[in-house]
Each structure stands twice: as C-alpha cells, then as structure tokens.
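Have a look at the sequence and structure, then read on.

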Amino acid sequence: MQFKPAVTALVSAVALATLLSGCNKEDQAAQQQQQQQQAPQVGVVTLQPQAFTLTTELPGRTNAYRIAEVRPQVNGIILKRLFKEGSEVKQGQQLYQIDPAVYEANLSKAQADLQATRSLADRYKQLIEEQAVSRQEYDDANAKRLQAEASLKSAQIDLRYTKVLAPISGRIGRSAVTEGALVNSGQTNAMATIQQLDPIYVDVTQSTAELLKLRRELESGQLQRAGDNAASVQLVLEDGTLYKQEGRLEFSEVAVDETTGSVTLRAIFPNPDHTLLPGMFVHARLKAGVNANAILAPQQGVTRDLKGAPTALVVNKDNKVELRQLKASRTVGSDWLIEEGLNPGDRLITEGLQYVRPGAEVKVSEATNVKKPDSPNQGNAAKADAKAE
C-alpha cells in the first residue's frame with residue numbers, strides 16, 4: 001500500500017506527457033496550415049520545346065529593276081511630246097519628235113551622192129576592161145561609191161534618231177523638256193527617265209556579326225536549314241502591313257562596307273500592281289533556319305535586374321521560387337526566344353511576380369494572363385534588332 005502515491009505520480013506524468021505531445025502535434029499542424037494559407041498564389045506557364053523557324057528582319061529600300069534615261073542622239077528642236085507623264089510606255093514607243101527637216105535634206109543629198117558615185121564606178125568598171133582608164137582611177141571611183149553608201153546610212157540613222165523612242169518598257173516620269181526646246185546630242189541632262197517596276201529589287205543590309213553567328217549555328221547543328229524555302233523573302237511595308245507577294249533572294253554582296261560593317265543582300269519581288277515604288281523604306285523577312293527544340297517564354301514572365309540583364313522566376317519541384325539568369329536573343333510575337341536559362345518542363349511565373357522572392361514557398365495555378373498559341377510555330381517573324389543579352 002505504500003507504493004500507491006508513486007504509481008499515481010507515474011500515471012500522472014505519463015498522462016501529462018501524452019497531453020503535451022498531442023498539443024505539440026496540433027500546434028505544428030496549425031503552423032503548417034497557417035504557412036500554407038500565407039503562401040502566395042502565382043500563375044505559371046509550363047514551358048515546352050517546339051520547332052521554330054528562325055527569321056531575320058532586315059531594313060532596306062526598294063530599287064527599280066531597270067532604269068533608262070532618255071537622251072537625244074541628234075541636235076534639233078522638239079516639235080512634239082508624244083506621251084503622258086507618269087504613264088506606262090512600251091519599248092520602241094515614240095516619246096518625242098525632233099524637227100527632221102535638216103536630216104531629211106541630208107538624206108536626200110546622201111542619196112544623190114550615192115547615185116552619182118555609183119554611176120561613175122559602174123562606168124569606170126566597163127572602161128577599165130577596155131583599158132580606157134587607169135586602175136587607180138577605177139579604185140578612186142569605187143572608194144567614193146563606198147563612202148557615199150556610208151554617208152547614206154549615217155543620214156538614215158540621223159533621220160531615224162529624230163524620233164526619240166523608249167529604250168525599255170516601264171513607267172515614265174516627268175518630262176524635262178517641252179515643245180520648242182533645243183536638245184543636243186550627248187547632253188548631260190536626260191529628257192525623261194523610264195523605270196521598270198515589275199519586278200522590283202529590294203536591297204537590305206545585314207551585319208557581318210549576325211551573318212557569322214548564323215553560319216556557326218548552321219554548321220554546329222543548333223539550327224537546321226529551312227529547306228527549299230531558304231531563299232524566300234517576305235516584305236513588311238512602312239505601315240506595318242505584309243506585302244502579299246513573296247520574293248526570292250538573288251545575291252549577297254561579295255564585299256563588306258567598311259563604314260557600317262555590313263553586307264548588302266538583294267531580293268526580287270513581283271510588283272504587278274505597282275504597290276512598291278522605288279525608294280520606299282521596307283523590312284525584309286528572311287528565313288534562316290529551324291530550331292527543332294526552341295524555348296519560347298512569355299514576355300510577362302521575363303524581367304530585368306539592375307544591370308539590365310533578363311531574369312525569370314520559376315517554381316521548382318518543392319514549390320519554391322528560383323531565380324534564373326537568362327540569355328534571350330529576340331522577341332517572337334509576345335514571347336522571348338530563350339537561348340540559356342530555361343529548360344523544358346520549367347514552370348515559369350507570369351502572375352504574382354510582385355508578391356514573391358527567390359526561396360519563398362508558393363501555391364501554383366495555371367496562368368491566365370498568357371494567351372496560348374494557336375500553333376507551335378506561331379509568331380516566327382522575329383525582329384533581329386530586339387535583343388536582350
């Protein structure tokens with residue numbers, strides 16, 4: 001009977017320990033629940049690799065396919081202008097009429113001289129057979145006949161040149177001379193200029209650094225060639241609209257411009273409606289290659305640090321936030337093309353960025369501020385000057 005108090009105390013201690021343990025578990029559960037309730041909720045986008053056609057957008061200007069300056073070949077007074085300024089003319093169409101009176105008289109004189117010298121040469125040919133004239137006299141008469149024939153051809157050419165014809169087909173500009181104006185053979189000022197606008201050239205420039213980078217990526221296998229359409233070119237007009245006709249790349253300059261460090265690329269475009277005019281500023285989109293495993297990150301999830309470098313916040317497998325340093329080469333529609341820093345399967349935070357910091361635990365839901373692309377290759381038209389390195 002003397003052990004009852006000890007037993008009672010032991011039972012009380014065990015009961016108290018059990019009670020305290022239960023309270024601790026309840027407190028820990030409450031704390032965890034409170035932490036979960038306090039964890040901010042963020043919207044994420046799960047990144048997936050996709051095939052991406054790399055295009056380069058380069059500035060350029062349009063140039064006429066052919067240009068011909070109309071100049072007189074003979075001297076004279078302009079009698080008529082036979083075309084409408086700004087109209088289409090055909091090759092061989094008469095544009096001006098120069099006063100032909102002097103050249104018609106020269107032609108008549110040349111014809112008369114030829115007839116006289118030919119008659120004399122024919123007569124001497126008969127006389128030389130009879131040895132009535134010397135061989136020298138016959139040769140002189142025959143030479144004069146040949147000179148008369150040449151003079152006749154020259155007079156015919158001069159008379160033909162009084163009709164100023166279009167050397168090429170195209171659109172003719174304003175006339176620099178009017179009726180009554182005196183023009184001279186070999187004058188420096190053109191009477192008018194004809195430009196062939198269909199097709200039309202587009203000359204663009206690309207830096208040698210971009211050209212070398214593209215070649216390295218193709219040689220290393222990072223990019224695959226775009227196939228048969230590698231030389232196709234699209235055109236963006238000054239108002240931002242896409243030109244409906246597709247062109248093709250003709251050639252690239254063999255020398256580098258020392259002042260700009262760039263090379264010139266020339267493309268040719270159909271221009272049946274004459275939408276493109278010489279001198280227009282345009283942007284040409286060239287298909288360069290295909291990245292089979294490109295990572296496109298929404299712009300909402302890419303920010304910049306104090307140094308201006310692009311960064312992003314992702315949620316790891318423990319639902320904690322990680323900071324990633326990125327290398328983003330260009331924009332693709334509403335996305336960034338990521339070269340380094342993000343991997344397939346990463347959960348990129350695009351909503352709630354202002355409430356989280358690296359290392360914080362978060363609750364994850366699907367982002368609602370990012371529009372899903374209609375196709376994996378949406379927005380392939382990239383701007384080459386939009387860089388973030």
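**Rings, charges and a helix**

The charged end of Arg81 lies over the ring of Phe83, 5.4 Å from the ring's centre; a charge counts as over a ring if NZ of Lys or CZ of Arg is within 6 Å of the ring centre and within 35 degrees of the ring normal. This is a predicted model, where local features need pLDDT of at least 70 and side-chain atom pairs count only at pLDDT 80 or more, while totals for chains, interfaces and linings use all residues. Residues are numbered from 1 along each chain as its sequence is written, and side-chain values use heavy atoms, with hydrogens and water left out.

**Rings and charges**

- Likewise, the charged end of Arg266 sits over the ring of Tyr201, 4.1 Å from its centre.
- Rings of Phe, Tyr and Trp (its six-membered ring) pair if their centres lie within 6.5 Å; planes under 30 degrees apart are stacked, over 60 edge-to-face and the rest tilted.
- By this rule there are three aromatic pairs.
- One of them is Phe83 with Tyr96, edge-to-face at 5.4 Å centre to centre and 85 degrees between the planes.
- Both Phe83 and Tyr96 are buried (under 20% relative accessible area, with exposed over 50% and partly exposed in between, using a 1.4 Å probe and protein chains only).
- The ring centres of Tyr243 and Phe269 are 6.2 Å apart with planes at 65 degrees, so this pair is edge-to-face.
- Tyr243 and Phe269 are buried.

**Helix H3**

- Helices are DSSP runs (H or I, at least four residues), and strands (E, at least two) are too, numbered from the N terminus.
- Buried residues in H3 include Tyr138, Arg145 and Leu152.
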